[in-house]
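User: I am new to reading protein models. Can you take me through one, feature by feature?

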Amino acid sequence: MSEAIVSEKQRKEYAAIVSRVKPKPRVWRNMFWAFVVGGLICLIGQVFYNYFLSLGLSLNQAGAATSSSLVFIAAFLTGLGLYDEVSRFGGAGGIVPITGFANSMVASALEYRAEGLIFGVGARLFTIAGPVLVWGITTAWVAGILYYFFR
Amino acid sequence: MAFFWAFVIGGALCVIGQLLMDLTSYKFTSAHVLVTFVTAGAIISAFGLYQPLVKLAGAGATVPLTGFGHLLAQGALNGVKENGILGAFSGGVTAAAAGITAAVVFGYLAALAFKPRG
């Protein structure tokens, strides 16, 4: 009976090395920076919101103006390549706010610009925005229909 | 105080997104996070539970994608109140129209104006 090529001891040592070397998400650190970066983006949103209210806009108008402003800034920063830094640093803090939504649209559209203005930029703008709109609009529609029948 | 709660609630929502990614070893991608947040926001909003958060945290609740779901759901519900069943079709997107149009227009222009890198 031949001896096993890798002994039980060696196998255990190997497993220990793998689990030590394998990159683990640094959960607490990531949570901290997601909180700080995401919180700051919302804080900036609040500054815009208060400013638009002070101009005499209604609550809905001020909300729409705030979203549009943040989307514009995020699209611009993505074009300059600076939003990547926000996401690298803040993780979900750069993804969850509406700025992350705008970033996901511009990033994929830019990447496929070589495929032209229709199937490149036009289609790829919706690689991530498409699913978000499909799920959001459908869920809202279902809520409206249920409300109609069961209110 | 509005700024404090905007920071805390907005930050907390982002932490939830971060945990969804970290605790699944990134099988949960940024696209999953965005879709989950917009859907969860719409469902929570339909039960009337998101508006109190907006009242407390302002932009801390409206800037994260859950706020986008909230906008769509409230639009659909208000649409039904005003126009009956047709409102379920028109209300949601109408309420979110400014954000959607801004994202499409500014996104398209930014993708044209800048050079891809890398």
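User: How many helices and strands does chain A have?

Analyst: Helices (H or I, at least four residues) and strands (E, at least two) are DSSP runs, numbered from the N terminus. In this predicted model, the secondary structure of chain A comes to 7 helices and 0 strands. From the N terminus on, the order reads α-α-α-α-α-α-α.

User: What numbering and limits apply here?

Analyst: Residues count from 1 along each chain as its sequence is written, while chains are lettered from A and ligands numbered from 1 in the order in which they are written. The model is predicted, and local features need pLDDT of at least 70, side-chain atom pairs count only at pLDDT 80 or more, and totals for chains, interfaces and linings use all residues.

User: What does pLDDT tell me, and what is it for chain B?

Analyst: pLDDT is the predictor's confidence in each residue, from 0 to 100. Where it is low, the predicted coordinates should not be read in detail. Chain B has a mean pLDDT of 95, and 99% of its residues reach 70 or more. For the complex, the predictor gives an ipTM of 0.95 and a pTM of 0.89.

User: What radius of gyration does chain A have?

Analyst: The radius is taken over C-alpha atoms; the globule rule is 2.2 Å times the number of residues to the power 0.38. A compact globule of 151 residues would come near 15 Å, but chain A has 23 Å. Its C-alpha atoms fill a box of roughly 85 × 45 × 40 Å, along the principal axes.

User: Which share of chain A is buried, and how many residues of H1(A) are?

Analyst: A buried residue has 20 or more other C-beta atoms within 10 Å of its own, an exposed one 12 or fewer, and a partly exposed one falls in between; C-beta atoms are placed from the backbone. In chain A, 44% of the 151 residues count as buried.

User: Which elements of chain A touch chain B?

Analyst: Contact means C-beta atoms, placed from the backbone, within 7 Å. Chain A gives 62 residues and chain B gives 66 residues. Helices H2 (27–54), H3 (59–80), H5 (98–111) and H7 (129–150) of chain A each give two or more residues to that side.

User: Where does the UniProt annotation put the transmembrane region of chain B?

Analyst: UniProt positions follow the numbering used here, feature names are shortened, and annotations may be inferred rather than shown by experiment. The unreviewed UniProt entry annotates residues 30–49, 56–73 and 85–114 of chain B as "transmembrane region". Residues 85–114 of chain B are 97% helix and 0% strand, with end C-alpha atoms 44 Å apart.

Definitions and conventions. Contact = placed C-beta atoms within 7 Å.
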